[in-house]
Amino acid sequence: MSFSIEGLQVRYGAVTAVHDVSLRIAPGEVVALIGANGAGKSSILKAVMALTPHTARKVAIDGRALERADTRERLLAGISLSPEGRHVFPQLTVRENIDLGYLGKDGGERASRREAMYQRFPRLREREAQAAGSLSGGEQQMLAIARAVMAGPRLLMLDEPTLGLAPIVVRELAAAIRHFAHGGIAVLLAEQNAEMALSTADRGYVLQGGRVVTEAPAQALRASEEVRAAFMGM
Ligand SMILES: Nc1ncnc2c1ncn2[C@@H]1O[C@H](COP(=O)(O)OP(=O)(O)O)[C@@H](O)[C@H]1O
Ligand SMILES: [Mg+2]
């Protein structure tokens with residue numbers, strides 16, 4: 001098991017946004033975290049990255065305990081997040097944004113990882129000298145994902161990567177996500193777009209009011225009347 005978290009709680013003042021959530025993700029597995037707006041998806045991802053105060057009985061990657069690790073240590077241990085809203089640096093070029101994701105000092109390694117990102121997302125290569133702020137929403141999302149992958153993660157977390165994007169771009173992102181998982185990365189995909197998430201993922205967790213209410217293979221969740229009624233408007 002490459003990644004596991006047990007008993008996660010996130011509180012904002014008096015409000016508990018995440019109650020006793022446990023997740024596990026294997027290498028090469030894409031796991032969807034689906035739930036309505038406010039269900040607690042972003043809170044979970046931010047807590048896993050230690051970007052928000054939280055408590056957990058266990059946070060581990062490849063058997064290594066990370067409960068006490070800060071964001072930098074978790075990054076170095078192989079956890080990476082493409083945040084909700086992308087947050088690329090608009091004044092920096094595409095290439096500069098990509099390179100910021102690389103944590104090491106080896107220029108050759110950085111260049112070969114960047115090349116792999118350009119092969120995955122050719123539009124980023126075409127625009128490498130452009131300011132990131134001039135990109136379309138879909139291209140900015142590709143850039144945010146490429147930056148997160150540059151860190152060489154064991155666990156790649158993507159927060160709402162398809163929000164507001166056209167179907168053709170959504171399909172391109174889904175293919176890229178499958179590609180990264182095929183290379184052995186564990187992927188945690190948080191999405192309000194349950195259809196996209198469940199058609200891309202192997203397995204899924206359904207989150208309601210900060211609690212996991214169901215965990216099942218993605219195909220089973222996609223077929224579930226309850227999930228279709230709650231998240232797919234069917
Ligand atoms: N910084 C914050 N301060 C206070 N409440 C927050 C904060 N961030 C999120 N929340 C609340 O926590 C709950 C879960 O939010 P969030 O994790 O963003 O859900 P999701 O990503 O599923 O939309 C919501 O009720 C939200 O209003
Ligand atoms: Mg969110």
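A polar contact is a pair of N or O atoms within 3.5 Å. Keep that cut-off in mind for this tour of a predicted model.

**Stop 1: ligand 1 and S43.** Select ligand 1 and the side chain of S43. An oxygen atom of ligand 1 sits 2.5 Å from a side-chain N or O atom of S43. On its own, ligand 1 exposes 570 Å², and the protein buries 59% of that.

**Stop 2: K41 and S42.** One of its N or O atoms lies 2.8 Å from an oxygen atom of ligand 1. Now show the backbone of S42. A polar backbone atom there is 2.8 Å from an oxygen atom of ligand 1.

**Stop 3: the shell.** Select Y12, A17, A36, N37, G38, A39, G40, K41, S42 and S43; these are the residues around ligand 1. Color them by class: 4 are nonpolar, 5 polar and 1 charged. Then show helix α1, residues 41–48. With 3 residues, helix α1 gives the most to this shell.

**Stop 4: the magnesium ion.** Select ligand 2. Which residues coordinate the magnesium ion? They are S42, through OG, and E84, through OE, at 2.0 to 2.4 Å. S42 belongs to helix α1, while E84 is in the loop between β6 (79–82) and α3 (94–100), so the pair ties together parts 42 residues apart in sequence.

**Stop 5: the two coordinating residues.** Is S42 buried or exposed? S42 is buried, because its relative accessible area of 17% is under the 20% cut-off. E84 is partly exposed, with a relative accessible area of 33%.

Methods
Residues are numbered from 1 along each chain as its sequence is written. Chains are lettered from A and ligands numbered from 1 in the order in which they are written. This is a predicted model: local features need pLDDT of at least 70, side-chain atom pairs count only at pLDDT 80 or more; totals for chains, interfaces and linings use all residues. Side-chain values use heavy atoms; hydrogens and water are left out. A residue is near a molecule or strand if one of its heavy atoms lies within 4 Å of it. A polar contact is a pair of N or O atoms within 3.5 Å; within protein, one must be able to donate a hydrogen and the other to accept it, and residues adjacent in sequence count only if both atoms are side-chain atoms. Accessible areas come from the Shrake-Rupley method with a 1.4 Å probe; for residues, only the protein chains shown count as cover. Helices (H or I, at least four residues) and strands (E, at least two) are DSSP runs, numbered from the N terminus. Ala, Val, Leu, Ile, Met, Phe, Trp, Tyr, Cys and Pro count as nonpolar, Asp, Glu, Lys and Arg as charged, and the others, Gly among them, as polar. Donors are N, O and S atoms within 2.8 Å of the metal (3.2 Å for Na, K and Ca); water is not among the atoms, so sites may look incomplete. Buried means under 20% relative accessible area, exposed over 50%, partly exposed in between (1.4 Å probe, protein chains only).
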